[in-house]
Amino acid sequence: MKINHASNGLHGELTVPGDKSISHRAVMFGSIASGDTVIRGFLKSADCISTMNCFRAMGIEIEEGRDEKGGFIRVFGKGLRGLNKPYKPLDCGNSGTTTRLISGILAGQGFETRLTGDASLSRRPMRRIIEPLKAIGASIRSENKDGLLPLIIDRGELHGGEIRTRVASAQVKSAILLSGLYADKETVVIEPALSRNHTELMLSAFGADITGGSEADPRASVRPCSELRGLEVNVPGDISSAAYFIGAALIVPDSEVVLKNVGINPTRDGVIRVFREMGADIRIENEHYESGERSADLIVKHSPSLKGVEIEGDIIPALIDELPLIAVVAAAAEGETVIRDAAELKVKESNRISLTVNNLRAMGADAEEREDGMVIRGGRPLHRASIETAFDHRIAMSFSVAALINSDVRPVEIRDPSCVGISFPDFFKDMDMLLK
Ligand code: S3P
């Protein structure tokens, strides 16, 4: 895919697709609830389809429909213990969220399952769920004892307990909490920093006895559960998808965009906080709640005097997926941006520290890799390059934004652009629409 420098700004109004984290959870919790769950605003991307296929393979019926309010999917829940043993290994595709959350649910079932994934997922660390799940009584192991996929999960004796996790990861926290539904005592998760709390919010709406997962009470705790009840979930727009258009509007002269109904849960809104600290003109309007999740419209204008900032500490989990994009925006800002405490970036769909820094350098930026982050000295003009994405959707979208301020007449090339389908299948179409 070749992307030309933007000759006009981005303009217009856009409703970004549904939140990926919330869409995964709605299908999972709907599957183990009693009764139907109707999901509106569901993100139909490759990752969420991996989750749907896993539950379909365990006997859950999921249908798509449309009514006066728009499209929806309906999940016919079979209760906490209603899943069937799948005939084949469950293929989690490229999705870490599918793998790690489903492991927590499978630990509570009465049958053995094998989990597999694509080449990228098969390199991602799974000890982070194997160890805590074992500590609360689960039977889970990595088939080759290397802490990687395939995983084998069997019936265990879940007894709950208190787990202190080593990394702030909502995937790890959620796996433990989901197992906790099936335990015979309370299960508590204490994280080094608060990660996204969609599991806590949504499980509570489904009727689980769950507390914590907020700034005020970060320790998440769930009690044994006899039944979750299906409900209607309205998925807000994904701030991680909106972020690309926020970033693009900030750095492309003459831009003004309105992004409708974006989820701004405080455990996810770090990108807005950081951009504002850099001097971004972002207005938040029409704040409201969608299924317990804070949402709003964002009005973003070109911001010519962005400044470098330091990004570190507890804010990192609230913007972890946006760091490659933030690095691109930092390259267009004046001064130095330092990103620390973000070693987790190395174990995402790709090593996002190396790939981001290498691609920024290929475009002429002054960027340096660090063990737990990167340093970007902004202000150099960016030029064309061929962008290595390693099939990582967030790298492809971040550098599509960088391409808009490429000072060359020749376009930037994004390799393997179809990877955007992991989280945002219409990304290029929506970007074209705002550029018209
Ligand atoms: C996710 C949590 C994050 C994030 C991922 C989605 C989730 O991972 O990077 O894209 O839905 O729970 P970690 O919490 O493991 O960092």
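I count a residue as buried under 20% relative accessible area, as exposed over 50%, and as partly exposed in between, using a 1.4 Å probe and protein chains only. By that rule S45, at 1% relative accessibility, is buried.

**Ground rules.** I am working on a predicted model, where local features need pLDDT of at least 70, side-chain atom pairs count only at pLDDT 80 or more, and totals for chains, interfaces and linings use all residues. Residues are numbered from 1 along each chain as its sequence is written, and side-chain values use heavy atoms, with hydrogens and water left out.

**Entry 1, S45.** I found S45 in the loop between β3 (34–40) and α2 (46–56). Helices here are DSSP runs of H or I with at least four residues, strands are runs of E with at least two, and both are numbered from the N terminus. Which residues does S45 touch, leaving out those up to four places away in sequence? I listed K20, G421, I422, S423, F424 and P425, where contact means heavy atoms within 4.5 Å.

I looked up the secondary structure and got twelve helices and 23 strands. The radius of gyration, taken over C-alpha atoms, is 21 Å; this agrees with a compact globule of 436 residues, which would have a value near 22 Å. The globule rule I used is 2.2 Å times the number of residues to the power 0.38. Along the principal axes, the C-alpha atoms fill a box of roughly 60 × 50 × 40 Å. I noted that 59% of the 436 residues count as buried. Among contacts with a separation of 6 or more, 75% come from residues 24 or more positions apart.

The accessible surface comes to about 16,200 Å², and 46% of it belongs to carbon and sulfur atoms. I took these areas from the Shrake-Rupley method with a 1.4 Å probe. How far apart are the mean positions of the positive and negative charges? They are 4 Å apart, for 53 positive and 61 negative charges. Lys and Arg count as positive and Asp and Glu as negative, while His and the chain ends are not counted. Each charge is placed at NZ of Lys, CZ of Arg, CG of Asp or CD of Glu.

In α12 (residues 427–435) I found F427, F428, D430, M431 and L434 buried. Down the helix axis, these buried residues fall within an arc of 165°, so they line one face of α12; the arc is that of the directions from the axis to the C-beta atoms. They pack against β1 (2–3), β2 (11–15), α7 (239–251), β15 (256–263) and α11 (393–403).

M433 is also in α12, but counts as partly exposed at 38% relative accessibility. Leaving out residues up to four places away in sequence, M433 touches H11, E13 and L14. I also checked M433 against S21: they are 412 residues apart along the chain, and their C-alpha atoms are separated by 25 Å.

Most residues other than glycine have a negative phi, and most peptide bonds are trans. I therefore noted the exceptions below.

- The peptide bond from L149 to P150 is cis, with omega near -10°, and P150 lies in the loop between β8 (139–142) and β9 (151–154).
- N286 is not a glycine, yet has a positive phi of about 60°; I found N286 in strand β16 (residues 281–290).
- A390 has a positive phi near 50° and sits in the loop between β22 (386–387) and α11. A390 is partly exposed, with a relative accessible area of 39%.
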